[in-house]
Amino acid sequence: MPHTATETYRKDPAWAGLADEATVAATRPMNTVTSPIDGAALGEVPIGTPDDVHLAVTRARQAAKAWSARPIDSRVEIIERFRAELSAHRDALLDIAHAESGKAQISAFEEFLDLGLTCSYYAAKAPKILKRHRRIGALPVLTSAYVHYVPKGVVGIIAPWNYPLTLAVSDSVPALLAGNAVVLKPDSLTPLTALLVLRLARQAGLPHDVMQIVTGPGRELGDPLIDSSDFIMFTGSTATGRKVAARAGQQLIGVSAELGGKNALLVLEDAPLARTVAGAVQASFANSGQLCISIERIYVARPLFEWFANSFASAAEELVLGGSNGWEVDMGPLISADQLAKVTRHVEDAVAKGATVLTGGKPRPDLGPLFYEPTVLTGVTDAMELGREETFGPVVALYPVDSDEEAIALANDTEYGLNASVWTSNPARGRRVAEALRAGTVNINEGYAATWGSIDAPMGGFGISGLGRRHGMEGLVKYTEPQTVARQRLLAIGPPEWVPRDKYVAAMSVASTLLYPTVKGLVRRVFNK
Ligand code: NAD
């Protein structure tokens with residue numbers, strides 16, 4: 001039976017005592033976590049302090065020694081057991097993510113799928129990616145070189161509220177497999193999901209101190225976590241990302257930052273029409289538009305514009321809004337009063353400056369305190385706040401364009417560069433347009449899921465949308481220090497005593513041009529072309 005967040009909380013024993021999973025150095029005052037669906041109190045977590053961060057990192061550093069010394073197969077085994085625990089507790093995980101973030105159950109399921117796939121992918125690939133790899137040595141035959149991957153030590157992860165399962169935990173999986181310990185600071189609005197997942201990881205055999213959570217305000221816990229970690233994985237706004245990267249720079253530690261976006265979708269004139277409308281609706285309104293890779297700008301070939309605008313607005317009107325955990329719900333509420341205020345402000349400002357509302361444009365207090373209608377605008381200009389700023393809500397602007405080149409130029413006219421989407425029936429045209437877009441991921445005939453779901457491929461942002469990448473081998477190797485070991489045989493590098501220096505210089509000048517040969521390169525060198 002579908003139910004509301006309040007009922008879920010009252011009935012589910014899996015939620016009992018979750019605060020005990022958090023690391024604290026002493027008894028702390030508690031923060032009550034409430035549901036954005038109906039304001040119900042869901043649970044309490046400690047308001048952590050820098051002392052709690054220090055304790056967690058100290059314990060993690062100690063635990064990392066034994067963890068990294070284990071053979072990788074033993075770490076893989078634990079991640080596989082963790083995946084099984086996740087599957088066994090699917091409904092509790094979906095309910096807690098739904099209740100805490102307000103997201104529709106189908107959006108919570110996307111998160112659940114993503115986390116499971118991330119576990120399977122890295123469990124399968126990490127042993128191969130992290131094993132010693134031979135590299136070409138300085139001198140053929142005489143030098144043998146290999147690289148091996150040393151874990152960073154303690155990885156600090158700072159996560160946002162919009163994907164409390166995926167963004168809090170999926171980045172921990174490769175960090176752990178690489179042999180690191182993890183200290184995670186989830187967002188204060190959604191810490192319970194992360195605590196439940198940590199409990200499941202511990203039940204799966206993850207040693208207690210190898211992964212810990214400190215709950216509390218990012219403004220106070222962020223700096224101590226950055227100062228004491230060996231690497232920081234941050235997901236959140238560009239504004240906070242700049243502070244985190246600056247602080248990490250002071251410490252000279254690596255940082256991977258997945259930040260905001262003002263993502264564009266391009267409807268070319270040969271787009272498959274019905275699929276494009278459905279895909280654009282999903283890409284704009286999934287998770288109530290509170291998705292870093294969701295679409296906020298749609299550029300439509302002018303001959304299709306009127307048809308597309310009407311069809312898109314009608315399809316948006318058909319979305320089912322609600323707070324129950326039933327599968328029929330498409331969109332839940334926004335996460336907080338702050339988000340509701342920002343979305344309302346952006347739309348009111350646009351309308352006051354001349355934008356037209358095709359559908360939506362209003363809060364829905366009849367459904368709950370934080371609901372907002374899926375909203376479609378035309379006539380948006382750069383003078384309006386939402387013209388260039390990320391709204392991070394269910395609001396999208398439509399623009400007619402006269403050519404692919406104009407669509408590309410407008411899509412690229414932003415400092416952001418996270419995700420983009422191109423719709424066309426012509427694969428070659430799709431690739432040409434995709435490669436001209438400045439975005440870390442570009443989906444052809446999909447909104448965001450094709451690239452995000454391709455876990456084998458890197459995901460991240462150009463420009464102010466981020467630094468570094470998650471997913472793929474890039475998302476694993478970043479949690480290591482690659483160490484090169486080279487062995488020299490027989491002859492040292494440098495002039496041997498028995499060879500006159502001028503002969504050595506002459507011989508090496510020729511020999512060095514023959515190193516790293518390719519057929520084309522050799523032909524060019526020999527014929528000087
Ligand atoms: P936010 O930057 O306000 O908060 C993110 C995290 O940073 C939270 O855990 C918060 O407690 C912490 N934090 C706050 N101040 C801090 C500080 N001074 N030092 C260290 N940590 C601090 O972001 P948000 O509002 O929670 O999330 C929404 C934003 O995140 C949007 O801009 C969205 O586009 C972006 N986002 C990006 C991705 C991605 O993969 N690129 C994914 C999800 C969300």
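Val 523 is found in helix H20, residues 519–527 (helices are DSSP runs, H or I, of at least four residues, and strands are E runs of at least two, numbered from the N terminus). This is a predicted model, where local features need pLDDT of at least 70 and side-chain atom pairs count only at pLDDT 80 or more, while totals for chains, interfaces and linings use all residues. Residues are numbered from 1 along each chain as its sequence is written, and side-chain values use heavy atoms, leaving out hydrogens and water.

With 43% relative accessibility, Val 523 counts as partly exposed (buried is under 20% relative accessible area, exposed over 50%, partly exposed in between, with a 1.4 Å probe and protein chains only).

Now to the sheet. Six strands make an open, mixed sheet in the order S7-S6-S5-S8-S9-S17 (two strands pair if DSSP finds at least two bridges between them). Its edge strands are S7 (211–213) and S17 (466–467), each pairing on one side only. Further in, S8 (residues 231–235) and S9 (residues 254–258) pair in the parallel sense over five bridges, with Met 233 opposite Ser 256 in S9.

The structure also holds 25 salt bridges (a side-chain nitrogen of Lys or Arg within 4 Å of a carboxyl oxygen of Asp or Glu). Here are some of them:

| Pair | N to O distance |
|---|---|
| Asp 171 and Arg 470 | 2.7 Å |
| Arg 388 and Asp 413 | 3.2 Å |
| Glu 373 and Lys 362 | 3.5 Å |

Both Asp 171 and Arg 470 are buried. Glu 373 is buried too, at 13% relative accessible area, whereas Lys 362 is partly exposed at 46%.
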